[in-house]
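Dear colleague,

I am passing on the structure below, together with notes on what turned up when I went through it. Please read the notes with the coordinates open beside you.

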Amino acid sequence: MRRLQVSSSSFAMRPEVDRLFFALWPDELTRAGLGAAAAHLRQRLRPVGRWVGAHRYHLTLHFLGDYPAYPAALVQRAVEAASRVHSQQFELLMDQAGSFRNRAIPWWLGPAQPSQPLKQLWRDLRDAMQELSVPYDTKLRLAPHVTVLHEADQMIAVTPVPAVRWKVDSFALIHSHLGAAPAYRVLGTWPLVTDRPPESASVQRDLWET
């Protein structure tokens, strides 16, 4: 079998982009649960596509844009906005999968039931960014999901998956560098408030019969 050889110069031709967004960033146990749910989809439906590594899983709250260079001043304002948010902790039950109807045909995992605390966090963060003139995508509406597959060869209807209980106790500002050496970097995390002592994080998987 002939191996495809790609020179380092071809990678250098990729445009270098610095992307910023606020997101829910899962802990390791939650990542493992989401990875198990994605593996269930992969085994059951065997799609062709580009699977996302579990270390990159996230649920986007607000997209702050793409920039040709790291926008340090914007990051400072975004950090200040995040520090003004005092939303409550909550739990998401990630119990279904589906896909979006666009060219990349991404597959996702998400909650079947809407979460009012998640909506409130989204609003609180939006309001804080507006107060400090932090630019963000105003057209992007909250559609809670974690992308697990890009460029799938088929759409899927919304379907149940082994459920993962995600205890959300913080949110994060993420820097994604796109280009020859893509990388994710967590610029900061901010805790959500609780009226009772925090419990240790855990993941519960309700496996359904196959």
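Is Arg165 buried, partly exposed or exposed? Arg165 is partly exposed, with a relative accessible area of 27%, where buried means under 20% relative accessible area, exposed over 50%, and partly exposed in between (1.4 Å probe, protein chains only). Before going further, please note that this is a predicted model, in which local features need pLDDT of at least 70 and side-chain atom pairs count only at pLDDT 80 or more, while totals for chains, interfaces and linings use all residues. Residues are numbered from 1 along each chain as its sequence is written, and side-chain values use heavy atoms, with hydrogens and water left out.

Overall layout

The protein has 4 helices and 10 strands, these being DSSP runs numbered from the N terminus (helices H or I, at least four residues; strands E, at least two), and along the sequence they follow the pattern α-β-α-β-β-α-β-β-α-β-β-β-β-β. Of its 210 residues, 39% count as buried. If a contact is taken as heavy atoms within 4.5 Å, residues 24 or more positions apart account for 81% of the contacts with a separation of 6 or more.

Leaving aside neighbours within four places in sequence, Leu61 is in contact with Phe22, Ala23, Leu24, Leu118, Leu121, Trp122, Leu125 and Phe171.

Helix α2

Helix α2 (residues 28-45) has 18 residues and spans 26 Å from its first C-alpha to its last, close to the 26 Å expected at 1.5 Å a residue, the expected span being 1.5 Å times one less than the number of residues. Its buried residues are Thr30, Arg31, Gly33, Leu34, Ala37, Ala38, His40 and Leu41. At the start of α2, a side-chain oxygen of Asp27 comes to within 3.3 Å of the backbone nitrogen of Leu29, and the helix is followed by Arg46, whose phi is positive, near 50 degrees.

Asp18

Asp18 lies in strand β1 (residues 17-24). This residue is buried yet has no salt bridge, and the nearest side chain of opposite charge, Arg185, is 6.6 Å away; Lys and Arg count as positive and Asp and Glu as negative, with His and the chain ends not counted. The side chain of Asp18 does make a polar contact with the side chain of His175 (2.5 Å), a polar contact being a pair of N or O atoms within 3.5 Å, one able to donate a hydrogen and the other to accept it within protein, where residues adjacent in sequence count only if both atoms are side-chain atoms.

Salt bridges

With a salt bridge defined as a side-chain nitrogen of Lys or Arg within 4 Å of a carboxyl oxygen of Asp or Glu, the whole structure holds 6 of them. Arg50 forms one with Glu151, their closest N and O atoms being 3.5 Å apart; this pair links distant parts of the chain, with Arg50 in strand β2 (residues 50-51) and Glu151 in the loop between β6 (146-150) and β7 (159-168), 101 residues apart. Arg165 and Glu91 also meet in a salt bridge (3.3 Å, N to O), joining strand β7 to strand β4 (residues 90-99) across 74 residues. Glu91 is partly exposed, at 46% relative accessible area.
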